[in-house]
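Please examine the model shown below. The paragraphs that follow lead through several of its parts in turn.

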Amino acid sequence: MVNYEKYGLAPFGPVPNYRQIEWLERERTVFFHFGMNTFTDKEWGDGTESPLDFNPTELDVEQWIRAIKDGGFRCAILTAKHHDGFCLWPTKYTEHSIKNSPYKNGKGDIVREFVDACKKYGIKAGLYLSPWDRHERTWGSDSYNDFYVGQLTELMTGYGELWELWWDGAGSTEAVYDWERWAKVVSTYQPNAVVFGSLGATPWVDVRWVGNESGFAGKPCYSTIDPSSLIYEYTNELNSGKIGGERFIPAEVDVSIRPGWFYHESEDDKVRTPENLLDIWFKSNGSNAGLLLNLPPDRRGLIHENDVLSLKEFNKRLSHALENNLARGTVYASSERLGCEAKNLISEDKSLVYAPLDTDLTPEITIELDKEIKLNAFMLREEIALGQRVTGYELSALINGEFQTLAKGKCIGNRLCERVEPVSTSVVKIKITSALQVPILKELGLYYFED
Ligand code: OTN
C-alpha cells in the first residue's frame, strides 16, 4: 500500500485490515455448492442421507476451475461440509463422509482435488464449513466445539493456503458455539484468510452478509457498520452499512447462478443470463460490495454447459467494456493537493490518487475529453484503505450546451460503477456533494456497455 502521509493524508475512521485489502482487490469469488444434496435433489439435507448415494461419475475439478477463470473469477470457495454434515474430505471425526461413499471406493478427497486444481490454475482457494451439522449427534452441545475444532483444524492445516473461511449462519441463530476458539484456529493456521460470518462470530469476522441472496447490495452500501447489526440473522444495516459505523466489515453479495444453491436438473433451463449476471455485477462489485457467485457442480461432478457459457459471455461483455476506458482528456478540479492532482484519476499508474485541499471537502472534478464520446456507465473508486469518506456524489455531462445530471448517490467506496442513460458528450463533471473527511479518489472510468 502506498504511504500517503507525504501528501498529508491519514487514515480516517475504521479502515480495512490486510486481509480485507486483498479481498477488496479480489472482488469476484465463486462458490461451489457440491455434496450430498447434489445426489438427493435437496437444498438442505437432514443428515439422515446415506454416503452410498454420493457418487460423481466424471468428477473433474479442473473443469470447474477452467470455467471460473474464463468467467474472470480469481478465488473459489467449496462447501467442504454443508448442513447435512456430509464431509467432502476423509475426516477422522465422523463416518458421514466421502470415505464411506462409492467415490474412488472410499479413497477420494474432493477438498484435496479442489485445492490442487486451484493451485494449478492460480486461483485462490477458500472453504465453507457449516457450523450447523444435522448429522452429528453432539451438535448444539459443548462437545460439538471439540468436534468442530477437530474438523476445522484438519482443513486449516492440511490443504495449503486458504483465502476465505465461510461461516453460514443458517440454522445457527439459537446455537451457542465457542466462536472465539474456532476463530483462533483460523487465525493461527490461515492468517491470510478473510472470515465471512455473523451472529456470535461477529467479533472475528472480516466480511458480512449483504442481507439477501438475490444479488444486490444496498444503495448506499457502506463498508462501515456497527457490530450489533450482525448479531441477529437479519438487519437492514447488513444491506446499507452505516456511515460512522464502529467497524470496517464490507458486504459480500452471495447469489447463485441458478434458483437453487445445489444442482437440480430441473433448473438446467433456469441459469441466469449474461445480462442478468452483468446487472448483478453492477449491484455488487459496482456498489462497493464483493460478489460471491455460486456455480453448483452437477451429478457428473462437472459444471453444466449452460452455466459455463453464461459465465463466459458475462465476463466477455464486462471485460470488453472495462478494458476500453473512454475517460481520456484534460482533468482538473476545484482544488488539488501537490502530488494528488486530478489528472491522476485517469493515470495508468493505479497507485496515484486525487485529493483536494483540506478546506475543500466537496470538490468538483471536470474532465474535458479529447473527443466527444457516447457513454452509458461511469466508475469511481475511493482509496478505501484510508477509510470510507464520501457520503454524496453527482455526475453530470455537457449536453447541447448545458450540464445535465446523469447520476447522484451517496456511497462510492471500493468501487462505484453505475449505468446512466446513454449520452454523447465531451465534458463530464463529478461533484462530491458531501464527505466526512477529505475525499481520496483513485480511478475515474467512462464506459459504453454494448447490449
Ligand atoms: O432460511 N435461511 O436460512 C435463509 C433464507 C434466506 C436467505 C438466507 C438464509 S440463511 C442466511 O444465509 C446467509 C448467507 O446467504 C448468511 O449465512 C446468514 O447468516 C444466514 O442466516
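**Helix H5 and its surroundings**

In this predicted model, the buried residues of helix H5 pack against strand S2 (75-81), helix H4, strand S3 (124-129), strand S4 (164-166) and helix H6 (179-189). The residues of H5 that are buried include Tyr 144, Phe 147, Tyr 148, Val 149, Leu 152, Leu 155 and Met 156. Gly 150, Asn 145, Gln 151 and Glu 154 are also among them. Helix H5 itself covers residues 142-158, 17 residues in number. From its first C-alpha to its last, H5 reaches 25 Å, close to the 24 Å expected at 1.5 Å a residue. Just after H5 comes Gly 160, with a positive phi of about 80°.

Helix H4 also packs with another helix. Two packed helices are described by the angle between their axes and by the distance between those axes. For H3 (residues 61-70) and H4 (residues 110-120), the angle is about 45° and the axes are 9 Å apart. The two helices are therefore oblique to each other, and H3 passes H4 in a right-handed crossing.

The last stop is the loop between S4 and H6, where Asp 168 is placed. Is Asp 168 buried or exposed? Buried means under 20% relative accessible area, and Asp 168 counts as buried because its relative accessibility is 16%. Leaving aside residues up to four places away in sequence, Asp 168 touches His 83, Tyr 128 and Pro 131. The C-alpha atoms of Asp 168 and Trp 132 are separated by 8.1 Å, although these residues are 36 residues apart along the chain.

Terms used: Residues are numbered from 1 along each chain as its sequence is written. This is a predicted model: local features need pLDDT of at least 70, side-chain atom pairs count only at pLDDT 80 or more; totals for chains, interfaces and linings use all residues. Side-chain values use heavy atoms; hydrogens and water are left out. Axes are lines fitted to C-alpha atoms, for helices over the stretch in contact, and angles run from 0 to 180 degrees between N-to-C directions. Helices (H or I, at least four residues) and strands (E, at least two) are DSSP runs, numbered from the N terminus. Angles under 35 degrees count as roughly parallel, over 145 as roughly antiparallel, 65 to 115 as roughly perpendicular and the rest as oblique. A crossing is left-handed if the near helix is turned anticlockwise from the far one by less than a right angle, and right-handed if clockwise. The expected span of a helix is 1.5 Å times one less than its number of residues. Buried means under 20% relative accessible area, exposed over 50%, partly exposed in between (1.4 Å probe, protein chains only). Contact means heavy atoms within 4.5 Å.
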